[in-house]
Amino acid sequence: MNINNFFIFAPHNKRNMQQSGYIIEVQNVSKFFGEKVALDNINLNVKKGEFVTILGPSGCGKTTLLRLIAGFQTASEGEIRISGNEITQTPPHMRPVNTVFQKYALFPHLNVFDNIAFGLKLKKTPKQVIEKKVKAALKMVGMTDYEDRDVDSLSGGQQQRVAIARAIVNEPEVLLLDEPLAALDLKMRKDMQMELKEMHQKLGITFVYVTHDQEEALTLSDTIVVMSEGKIQQIGTPMDIYNEPTNSFVADFIGESNILNGTMIKDEAVSFAGHEFECVDKGFGTNAPVDVVIRPEDIYIFDPSDAAQLTGTVTSCIFKGVHFEMLVQTKEGYELMVQDYHAFEAGREVGLLVKPFDIHVMKKERTCNTFEGKMVAENRVEFLGCEFECLPQKGLQAGDKVEVEVDFKNVILEDNEEDGKLTGEVKFILYKGNHYHLTVFSDWDEDIFVDTNDVWDDGDRVGITIAPEHIRLNKL
Amino acid sequence: MRRRNWSLPYAIFLLIFVVIPLLLIVLYAFTDEEGAFTMGNFRKFLMHPEAMNTFIYSIGIAIITTIVCLVLGYPAAYILSQKQFNTSKTMVVLFILPMWVNILIRTLATVALFDFLQLPLGEGALIFGMVYNFLPFMIYPIYNTLQKMDQSLIEAAQDLGANPLKVFNKVILPLSAPGIVSGIVMVFMPTVSTFAIAELLTMNNIKLFGTTVQENIYNGMWNYGAALSLIMLLLIGIMSLFTNEEDSAQNESGGVI
Amino acid sequence: MMKKFFAKAYLWFLLALLYSPILIIMIFSFTEAKVLGNWTGFSTKLYSSLFSGGMHHSLMSAIWNTFTIAILAATISTALGSIAAIGIFNMRSRARAVMNFTNNIPIMNPDIITGVSLFLLFVSFGISQGFTTVVLAHIAFCTPYVVLSVMPRLKKMNPNIYEAALDLGATPFQALRKVILPEILPGMISGFILAFTLSIDDFAVTIFTIGNEGLETLSTYIYADARKGGLTPELRPLSTIIFVTVLVLLIVINKRAEKQKKE
């Protein structure tokens, strides 16, 4: 299941690498901006000729990773190799890669020809050769006869084509693309996606593509690297990523998903949403807490009948062009998103069914918050940089190191920052059918996970409190 | 790669030729010829009715000049900014062009005009000369803000039932306020600080504060001259509190080209 | 229609007011009379005597000084200011705010304060005043305008184009010369023109820094002349020539800019 292991390949001699056929090797790379960790121990290998997409929400570190490969920034730790050569500290103009920038970055004082010829002229290529290569590059991007045009007179799509031509004319081993289509309108973006795909096949060089658009990633890539919070969450083919997300972040980020808490009762049997279901996953042990992911298109919806595993009421129904998207509130109080070609209007009673192989079970990364702490007094413990009151503990003395456990649902968030012992910022919100699972980045620089029924927004500043009776302590 | 260090030479230059000289004004203002601390220079100014009168008279002339410039300049700026009246940038250039002519030549030309029309030189000539010299400084910033104003705001006001007078009072005037403020500062400041101009326009009959400063420096009274400069600087500092940095910077840098 | 007529009429009235003194000078540049205001018949003698040079050696040297000072000050300010602008642009926000504030001081200061302060600087450090001090003073009040003209070009510039040049194989120096320089060049040119005209026009700062060793610029020459009671007749054709040159230059530049915008 874990594709990461398959791709992370860390041999230590150079010859071995070239044999391995990896063109880019990123090993244990971290990047810090002051206190902030932009990239946290990244390992990534890219095969020659692959179309690799780095996908993630803004601020996840994907552009930083690309800029490290291009050489505009240097890694704080770790090593980057291209074709087996260490280039971690090499300045950008000496790297065998070329970049296509998000906002094109065409030189406004040069015309189309001179923009594309820029790199070749620096290499002192003979004039006739430049002319031939520029013409060929323009043909490649479908811009023949545009040589003498002023770049400002071109449309966004045309500018992007020139930017691509300017990069590929230098015949780089790797083409880096930093959200190249983000500034284009939807229609143009779709056309350019197809052209990029064709171009990749024709050129046969490696593409490393950065985007926050999951659909674009699924359409274009051979391999997708999903990133969040400076870490790689999953590496795999588009099919793998969509069908077998390794954790709830990936499941939530790629496509629409219903993500619920569940319990793996035994092999091939899982319970969630108040019912027991048959599934195809094994090896989780018995009564193990898990995350359950079901794609909305995998839930069958019909009038109530004996076939129904769940019954509920439709609360909203929206036409989405091809299908209808409905929210169903089950009798047990869970909200599920369902997509179907038939409409079931709001207020209607319905039955729901999920086939065993459409239920994706994931091991929970954690079941409660755990922190390292230290006893201050018999009924006081220090963790996350604050002192908390706890129930009087037998067998623990001031100064003892302890492991602190707090259940997700027992962390209380306050609107007013001053009301909490500790403050933090809501940074990731996951809807779990009947409650929200939040990740709160505390000002002590540690994540706290919270289950709540209250609605919070990304970026909200909150105060955090924990009641004494909800703090569990284990001596270390 | 550390390109921010490129500003180092200029930072040193600014320190030597801008910051230290200004500190020297303060230093000289508070010391006597022997270099000992004294408030005497300021006491002299307050006790000396002539310098004091010149100071107040200069402020008066500056206020009158500013008001006349505003009254004459605002309509011009407004007309220039409206597409229905004027579409040519050349017209704007014509209004700003006199700024490019040496101020002494301009002043002497004014004297020539008054001579030619056989009008007496005096207070009238002084104010005419000042207005003539500094009117472009009023028109340009107002024109700039009016021109940047979103025309649909006027249409919106009309749509909401405002008559032309109301449109002007409630929309155009408040929105052009930043331009008016920087125009006022840009006319008031040079008017109150000029020297030599007044003498030429009034056959040496009227002296303004700038000349008092210059004469004292010229006659070797550096400390007293510095104190008078500091007083002028304070006056201008108070004036410029009314405008914000950004406005004036953008107007000044705008130029014509 | 009436409204438009009155609006236009008002503009022309103001222009007439603004230009009448200059027109008087221009008209009387074509007569020989020593005193301005006396018309003694059409003549181009003042023009020819201005160009024959011989008669007013001091005027010619004042013109020469004015132009050399302006060229020197504008060139040095443009170099200093452009490099400084790139530096300031790359600074952290607090240091940048300090630099911007200091840069604005000479612009906000009245000329007389700049003049007095520089005078005090030179006398305090015992520097004898003359050509060099005037050039230094002119650089001091011109450079801020160059910084202000170059800065918007840097701000407008796509921050990736420098990186794009590096990416395509340019060394940092090549990237600067082939990409950044062409981008900020228009700002440098307008900064130069601004500095040049400011320097030529300056009177207040010059008079405080020129010393008393007989160095004259056009401004101080006119000032001395006017204080003696009259305007040297040759200044009339000179003013006319300067004025017409500036007028034509500015109108041509603006017409071109307008045309470019339309395209």
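Colleague: How are α1(B) and α5(C) oriented to each other, roughly parallel or roughly perpendicular?

Modeller: Roughly perpendicular, therefore a crossing pair: the axes of α1(B), residues 8-29, and α5(C) come within 8 Å and cross at roughly 85°. Angles under 35 degrees count as roughly parallel, over 145 as roughly antiparallel, 65 to 115 as roughly perpendicular and the rest as oblique. Axes are lines fitted to C-alpha atoms, for helices over the stretch in contact, with angles from 0 to 180 degrees between N-to-C directions. Helices (H or I, at least four residues) and strands (E, at least two) are DSSP runs numbered from the N terminus.

Colleague: Before we go on, what am I looking at, and how is it numbered?

Modeller: This is a predicted model, where local features need pLDDT of at least 70, side-chain atom pairs count only at pLDDT 80 or more, and totals for chains, interfaces and linings use all residues. Residues are numbered from 1 along each chain as its sequence is written, while chains are lettered from A and ligands numbered from 1 in the order in which they are written.

Colleague: OK, back to that pair. Which residues in α1(B) and α5(C) meet?

Modeller: From α1(B), B:Phe17, B:Ile20, B:Pro21, B:Leu22, B:Leu24, B:Ile25 and B:Tyr28 meet C:Val116, C:Ser117, C:Leu118, C:Leu120, C:Leu121 and C:Ser124 of α5(C). By class that is 11 nonpolar, 2 polar and no charged residues. Contact is C-beta to C-beta within 7 Å, with those atoms placed from the backbone. Ala, Val, Leu, Ile, Met, Phe, Trp, Tyr, Cys and Pro count as nonpolar, Asp, Glu, Lys and Arg as charged, and the others, Gly among them, as polar.

Colleague: How many residues go into the whole contact of chain C with chain B?

Modeller: 70 from chain C and 76 from chain B. On the chain C side, α1(C) gives the most, with 13 residues. That side divides into 49 nonpolar, 16 polar and 5 charged.

Colleague: And how many from chain C and chain A?

Modeller: There the contact takes 15 residues from chain C and 18 from chain A. The elements of chain C giving two or more residues are α7 (160-167) and α8, and α7(C) gives the most, with 6. The chain C side has 7 nonpolar, 5 polar and 3 charged residues.

Colleague: Switching to chain A: how many helices and strands?

Modeller: 10 helices and 30 strands. One open sheet of 4 strands has the order β2-β1-β4-β5, with antiparallel pairing; two strands pair if DSSP finds at least two bridges between them. Its edge strands are β2 (36-47) and β5 (85-86). Strand β1, residues 22-33, is joined to β2(A) by 8 bridges, and A:Phe33 has A:Lys36 as its bridge partner in β2(A).

Colleague: Back to chain B. Is B:Phe55 buried or exposed?

Modeller: Buried, because B:Phe55 has 20 C-beta neighbours inside 10 Å. The cut-offs are 20 or more other C-beta atoms within 10 Å for buried, 12 or fewer for exposed, and partly exposed in between. B:Phe55 is in α3(B), residues 49-81.

Colleague: Which element of chain B has the lowest mean pLDDT?

Modeller: Helix α13, residues 245-254, at 42, whereas α1(B) has the highest, 94. Over residues 245-257 the pLDDT is below 50. pLDDT is the predictor's confidence in each residue, from 0 to 100. For chain B the mean is 84, with 93% of residues reaching 70 or more.

Definitions and conventions
Contact = placed C-beta atoms within 7 Å.
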